[in-house]
Amino acid sequence: SFTLTEGNTFYSDRDFAATTLNYNRELSDNWLTVCLPFEYTIPEGVKVETLSEIDTETKTFTFNEVTGTMTANTPYIIKNSTETAALFASLSDASVKSTPEAMEVIVDGIDAEFVVTYTTKTSTELMEITDDAAKYDILFFGTDGQLYYLSQGVTTKNITFKPFRAYIRIPKGKINWTDGQQARVRHRNSEMTDIDTLESANDSQKTTVIYDM
């Protein structure tokens, strides 16, 4: 029997099997980050996405839908629309994976990373501020499901990240932030939506409704 306790650090130097597994974090109907040291089959009513693209000009962060299974030691955002808040309680026959040295998703083009933490970290640590100069800007999902940024010289807030969360790390200067500005999130399904052919309405009594993208 194995239990992950909310707020407690986790590390394992080997894989192991757990007949029963519990992680006592409760998830709401807001987009939140999560990373687990075990695989998890995504149930009905739960949406999972991963970071796929960043537009530095519009400050837009695009997330693609993940279906089937969440991979161990991989960062995701998750939205729980089920009536069960504790999704990861009382799991059976879980295969817990060893903790790798790096747990991140690389976003090509601007050297950005969607990074996991299994220990408690402060945003000051994550920005890697040395000699009053920050190496990174940090973005994170708040409890309200909104994406916020921390950039030295623009925001002064320092927050603490709990284990089993993920954050976005971008080299300082890649995005030009201004005070009060908000990052934008775009959710994109893994499957493209078909577009049906529109037929013209020759009858003047008919109404043709056309939707753009």
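Reader: Below which relative accessible area does a residue count as buried, and what value does Y23 have?

Author: In this predicted model, a residue counts as buried when its relative accessible area is under 20%. Y23 is found in strand β2, and it is buried because its relative accessible area falls under that limit, at 1%.

Reader: Is N73, which lies in a loop, buried or exposed?

Author: N73 belongs to the loop between β7 (69–70) and β8. Leaving aside neighbours within four places in sequence, N73 is in contact with C35, L36, P37, K97, S98, P100, M103 and Y118. Its C-alpha is 9.7 Å from that of V96, a residue 23 positions away in sequence. With a relative accessible area of 11%, and the limit being under 20%, N73 is therefore buried.

Reader: How many helices and strands does the protein chain have, and what percentage of its residues count as buried?

Author: The protein chain has one helix and 19 strands. Among contacts with a separation of 6 or more, 74% are between residues 24 or more positions apart. The chain exposes about 12500 Å², of which carbon and sulfur atoms supply 43%. Of its 213 residues, the share that counts as buried is 41%.

Reader: Which residues have the most contacts inside the largest nonpolar core?

Author: This core has 29 residues, and the elements that give two or more residues to it are β1 (2–4), β2 (16–23), β3 (32–34), β5 (46–55), β8 (76–80) and β9 (91–96). A second, separate core has 21 residues, including W31, I54, F141 and A166. Within the largest core, the residues with the most contacts are M70, I78 and F88.

Reader: Which element supplies the largest share of the lining of the largest pocket?

Author: About 530 Å³ of space lies in the largest pocket, and of its 25 lining residues F140, F141, G142, T143 and I159 lie nearest its centre. By class, the lining has 11 nonpolar, eight polar and six charged residues. At least two lining residues come from each of β3, β15 (136–141), β16 (147–150), β17 (160–161) and β18 (165–171). The largest share, four residues, comes from β16.

Reader: Which element supplies the largest share of the lining of the second largest pocket?

Author: The second largest pocket has a volume of about 260 Å³, and 18 residues line it, with E101, M103, V116, T117 and K121 nearest its centre. Two or more lining residues come from each of β11 (112–117) and β18. By class, the lining has 10 nonpolar, four polar and four charged residues. The largest share, three residues, comes from β11.

Terms used. Residues numbered from 1 in each chain as written. Predicted model: local features only at pLDDT ≥ 70, side-chain atom pairs only at ≥ 80, totals over all residues. Heavy atoms only, no water. Buried < 20%, exposed > 50% of the residue type's maximum accessible area, 1.4 Å probe, protein only. Contact = heavy atoms within 4.5 Å. Areas by Shrake-Rupley, 256 points an atom, 1.4 Å probe, with all protein chains shown as cover. Core = buried A, V, L, I, M, F, W, Y, C linked by side-chain atoms within 4.5 Å. 1 Å grid on protein atoms, 1.4 Å probe; cavity = no way out; pocket = protein on both sides within 12 Å on 5 of 7 lines; lining within 4 Å. Points joined across faces, edges and corners; volume = space filled by probe spheres on them. Nonpolar A, V, L, I, M, F, W, Y, C, P; charged D, E, K, R; others polar.
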